[in-house]
Amino acid sequence: MFRTLISAARGAVSTIATNGQKIQNFYQPSLVQQAYQRQFSLLSSQTPCRLFNQPQELKNQVVLTNTRNVTKYSFRKGKRKSVKAVIKRFYRLNWGVWIRTLCGRHKRLWKKSPPRKRRLRQHVFCSASQSMLLDKMVCDYWRKPKYFVDDPYNPYHTREEFSITSRKPKPYFPPE
Amino acid sequence: MSKSSDKALNILRALPRVCLANIRDNPGSKQRCRRGRGQHGGDKHGDGNKGSGQRQNFMRLGYETGNNPFYLRFPQEKYYKGHHLRRQYPPLSMLTLQTLIDTNRIDTSKPIDLVSILNTGLYKLYPDQHQFGVHLTDEGADIFNAKINLEVQWANELVIAAIERAGGVITTSYYDPHSLQAMINTVKFFQKGVPIPRRMMPPPDAIEYYSDPSNRGYLADPDKISEERLALAQKYGYNLPKIEEDNNYDMLMERKDPRQIFYGLHPGWVVNLKDKVILKPKEEELLQYYAS
């Protein structure tokens, strides 16, 4: 068993020896030496602190990653934070539903028919579960009613026109 | 043999024979199984076996495991543009105002302003939430019949017509947040012992509204307002009641100074509720500062 192993190892060594050129490429002793020198120069502190001397280089090394999570507890005040991507794309009506635009409303309009372009201009409701999700992704401020005057969305904040969804008591008309 | 043992033997005769089915183990012959650790004896607390349920690694809100998420899918729209700069005016319907008057919560023999509406306790205002006063809405304008001298912060044409048809007058006026804070709880403000602030002029984007006679702005020319009153009466087709011949002419013609916050009190005065005195500034510099 042991003999066979040794013989196999010999065979391997012989193959490596035949490809001597390749071994050199793998090792690259000159590169290793460079790395050692660099390390040594850092440790010997001839240049006091390389990182702080070149802030621009440090800045390039920092990789900014997108985080779109809901912040539940902020660092400074420990408060919940809204997801700004939601505020940029959706609008909340006071009765609880969110409205949104449609995908592709600015794209390839030359090949879309007039009725389709008209439909793309419209704003549509989100579903109940989607509205619930968006409610969770924003703070209290966005769920409060806003009392702007002359706001184009003002007529849509209540649903008094439809008998099932109307909230206010209906006026009483005595029988004649 | 005793009676009881006799009875016991009788019972024994009726019972089935001893067999494997009706005997039990000797006490202490069986060992109890292992004691589970934790609250429910080492079970899984209803979280199932393995997986995200047990590890409680819930996905972040809106994440759809690699899909383009719903909340990022649609093009942006500036729905909330400038929301933090726009003034809010919480609405008060004319129907509610009529109810407040009918239930004696508001005295119509005196000019009605934001203070008297807030003192009813049925209208709330939060200046810190960018709210700047009453927006009188036209709901119930048909049945409004109170003759009042009203001052609100926002009113449309129909509301103005309904007030003036009933023989009243309406003014729209602007209050800055500091003045509003003083008006919300008057007693609390007077107890602070600070002088009544002077009312600030409206911001540039509101100047136009509050100096427009068709809005009955408090900065508009009174002559032009009376012209507009007549024009509005002709537009809506009602006879404009003559307030010159009215018994309450003085009350109806009472207006606040553009720098004034409370009726009968001038900016710079200090109201002492404890001693029931009003302290007025005398220094020339102060008088100049508080002059309108």
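Begin by selecting A:C126, which is buried at 5% relative accessibility, where buried means under 20% relative accessible area, exposed over 50% and partly exposed in between, with a 1.4 Å probe and protein chains only. Then select A:C103, which at 39% relative accessibility counts as partly exposed. Taking a disulfide as a pair of cysteine sulfur atoms within 2.5 Å, the count over all chains is zero.

Before moving on, note that this is a predicted model, in which local features need pLDDT of at least 70 and side-chain atom pairs count only at pLDDT 80 or more, while totals for chains, interfaces and linings use all residues. Residues are numbered from 1 along each chain as its sequence is written, chains are lettered from A and ligands numbered from 1 in the order in which they are written, and side-chain values use heavy atoms, with hydrogens and water left out.

**Chain A as a whole**

Colour chain A by secondary structure, and nine helices and three strands can be picked out, the helices (H or I, at least four residues) and strands (E, at least two) being DSSP runs numbered from the N terminus. Along the sequence these elements come in the pattern α-α-α-α-α-α-β-β-α-β-α-α. Of the 176 residues in chain A, 21% are buried.

**Salt bridges**

How many salt bridges does a search of the whole structure find over all chains? The search gives 13, a salt bridge being a side-chain nitrogen of Lys or Arg within 4 Å of a carboxyl oxygen of Asp or Glu.

Select A:D135 together with A:R92, a salt-bridged pair whose closest N and O atoms are 2.8 Å apart. A:D135 belongs to helix α8 (residues 128-137) of chain A and A:R92 to strand β1 (residues 90-92) of chain A, so the pair ties together parts that are 43 residues apart in sequence. A:D135 is buried at 19% relative accessibility, and A:R92 is buried at 12%.

Next, go to A:R143 and A:D140, whose side chains form a salt bridge with an N to O distance of 3.5 Å. These two residues are three apart in helix α9 (residues 140-143) of chain A, and about one helical turn separates them. A:R143 is partly exposed, at 32% relative accessibility.

Now display both chains and select B:R86 with A:D151, where the side chains meet in a salt bridge of 2.7 Å, N to O. Because B:R86 lies in the loop between α2 (51-55) and β1 (91-93) of chain B and A:D151 in the segment after α9 of chain A, the pair joins two chains. B:R86 is partly exposed, with a relative accessible area of 27%, whereas A:D151 is buried, with a value of 10%.

To finish this part, select B:D113, B:E151 and B:K256, which are linked in a network of salt bridges.

**Surface patches**

Switch to a surface view and select A:K107, A:R108, A:K111, A:R116, A:R118, A:R119 and A:R121, which form a positive surface patch. Patches are made of residues with over 30% relative accessible area and no salt bridge, like charges being joined within 9 Å and nonpolar side chains (Val, Leu, Ile, Met, Phe, Trp, Tyr) within 5 Å.

B:L15 sits in the loop between α1 (3-14) and α2 of chain B, and its relative accessibility of 47% makes it partly exposed.

**Further stops in chain B**

Select B:V271 in strand β6 (residues 270-272) of chain B, a buried residue with a relative accessible area of 11%.

Two backbone angles close the tour. Most residues other than glycine have a negative phi. B:T65, which is not a glycine, has a positive phi of about 50°; B:T65 lies in the loop between α2 and β1 of chain B and is exposed at 57% relative accessibility. B:K276, also a residue other than glycine, has a positive phi near 55°; B:K276 is placed in the loop between β6 and β7 (277-279) of chain B and counts as exposed at 75% relative accessibility.

Key
Accessible areas come from the Shrake-Rupley method with a 1.4 Å probe; for residues, only the protein chains shown count as cover. Lys and Arg count as positive and Asp and Glu as negative; His and the chain ends are not counted. The place of a charge is taken as NZ of Lys, CZ of Arg, CG of Asp or CD of Glu.
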